[in-house]
Amino acid sequence: MREIIIIGSGPAGFTAAIYAARAGLKPLLLASSVEAGGELMNTTEVENFPGFPEGIQGPALMMKLQEQAEKFGTEVVLDDVTSVKLDGDVKVVETGYSGTFEARSVIFATGSAYRKLGLPDEERLSGRGVSWCATCDGFFFKTKTIAVVGGGDSAMEEATFLTRFAEKVYVVHRKDTLRASKIMQDRAFLNDKIEFVWNSEVVGINGENAVEGLTLRDTRTGLQSELPVQGLFVAIGNDPRVHLVHNQLDLTADGTIAVDGRSSRTNLPGVFAAGDVIDAHYRQAATAAASGTVAALDAEEYLAALDQVEHESPAKLAADLVAAE
Ligand code: NDP
């Protein structure tokens, strides 16, 4: 049986692995088979991770984190976790292809998944003009006119990146102010290829076999209009990935895994959580890394306490027996 299994391979998971590995716990890190590296794999330039004044590409940062974790003895397995059993002293983690793993502790660092608009044609036209990842699909929109929906940092980043390929990029936002950080807003405002469509929500994605346009609704007047575009990038945030732990771990009203104060302790002993899956607010690579640190230290403390109990118990038993005689 292992000491610790880490589920998730973003900054939280790999930082937890670095700490746990350096503590001699030989962690097993289960990275997804298709989404290994987490959200930063879909990011271009990361300018705000400390230590990289010249910036670093998201995938390069993740490679460095993995290299650092493996250097200290982390075993990384690229497989999807299909189910977990978390009550009891032995935590059981089942994967798609690599079998079942057992450990005395588990850290969930499963991050979050792209939020969807929830429109009937969104799935149908996914991969046919509807995308959630500019770095993955931007190339296919050379000289096209496209729309990005959202008003946060992701939407600004996607829109700015997409201007490398597209002729024109509309940013459709349901309000008249952005949630994005000032530097990202300014960059988008200064870009000639970007045009903002304010106070508008996407209520329809049109096209038979590929996206041909959007139906927008003015959030103030309710009036509808058509926007001819060949692509739609949805950048409206993320939802924590908690499907594995439903009915096992307590969740917060935001849908994140509930933890005890500033710790990573969930409602079950030996089960810890870190990164975006516990954070509906800050959601930065640096905060996720810090959260992974906390989880590894909490797990280490938990395991040390278990060891102490296990070592003390026989001695105490013997002492009790002697006293009884
Ligand atoms: P955010 O939650 O920050 O923003 C989501 C945006 O989408 C908001 O503007 C929101 O509108 C809008 N939205 C949400 N739901 C809908 C919907 N159903 N229909 C239409 N619009 C909707 O998510 P982000 O992914 O942009 O950012 C998440 C976190 O990641 C943030 O902390 C951000 O700073 C960080 N990040 C940092 C980057 C960087 O620094 N390089 C890059 C990307 C993200 P409203 O404003 O009305 O709520």
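**Entry 1: a cut-off first.** I needed one threshold before starting: a residue is buried when its relative accessible area is under 20%, and exposed when that value is over 50%. I also note for myself that this model is predicted.

**Entry 2: Ser291.** Is Ser291 buried or exposed? I found a relative accessibility of 14%, so Ser291 counts as buried. I then looked up where Ser291 sits, and the answer was helix H7, which spans residues 285–324.

Entry 3: Which residues does Ser291 touch, once its neighbours within four places in sequence are set aside? My list has Ala274, Gly275 and Ile278.

**Entry 4: the ligand shell.** Next I turned to the ligand. I counted 20 residues around the ligand, with Asn48, Asp153, Ser154, Lys175 and Arg179 as the closest. By type, the shell splits into seven charged, nine polar and four nonpolar residues. Which element gives the largest share of the shell? Helix H5 (residues 153–162) does, with three residues.

**Entry 5: polar atoms at the ligand.**
- Ser154 has a polar side-chain atom 2.5 Å from a ligand oxygen.
- Gly151 places a backbone N or O atom 3.0 Å from a ligand oxygen.
- Gln284 has a side-chain N or O atom 3.0 Å from a ligand oxygen.

On its own the ligand has 920 Å² of accessible area, and the protein covers 81% of that.

**Entry 6: the ligand and the domains.** Why do I place the ligand between domain 1 and domain 2? Both domain 1 (2–113 + 238–317) and domain 2 (120–234) give residues to the shell around the ligand, so the ligand lies between them.

**Entry 7: the whole protein.** I noted seven helices and 19 strands. Along the principal axes, the C-alpha atoms fill a box of roughly 90 × 40 × 35 Å. Of the 325 residues, 46% count as buried. The protein exposes about 16500 Å², and 52% of this comes from carbon and sulfur atoms. Among contacts with a separation of 6 or more, 59% join residues 24 or more positions apart.

Terms used:
Residues numbered from 1 in each chain as written. Predicted model: local features only at pLDDT ≥ 70, side-chain atom pairs only at ≥ 80, totals over all residues. Heavy atoms only, no water. Helix = DSSP H or I, 4+ residues; strand = E, 2+ residues; numbered from the N terminus. Buried < 20%, exposed > 50% of the residue type's maximum accessible area, 1.4 Å probe, protein only. Contact = heavy atoms within 4.5 Å. Near = heavy atom within 4 Å. Polar contact = N/O pair within 3.5 Å; in protein donor to acceptor, adjacent residues only side chain to side chain. Areas by Shrake-Rupley, 256 points an atom, 1.4 Å probe, with all protein chains shown as cover. Nonpolar A, V, L, I, M, F, W, Y, C, P; charged D, E, K, R; others polar. Domains from an automatic or database assignment.
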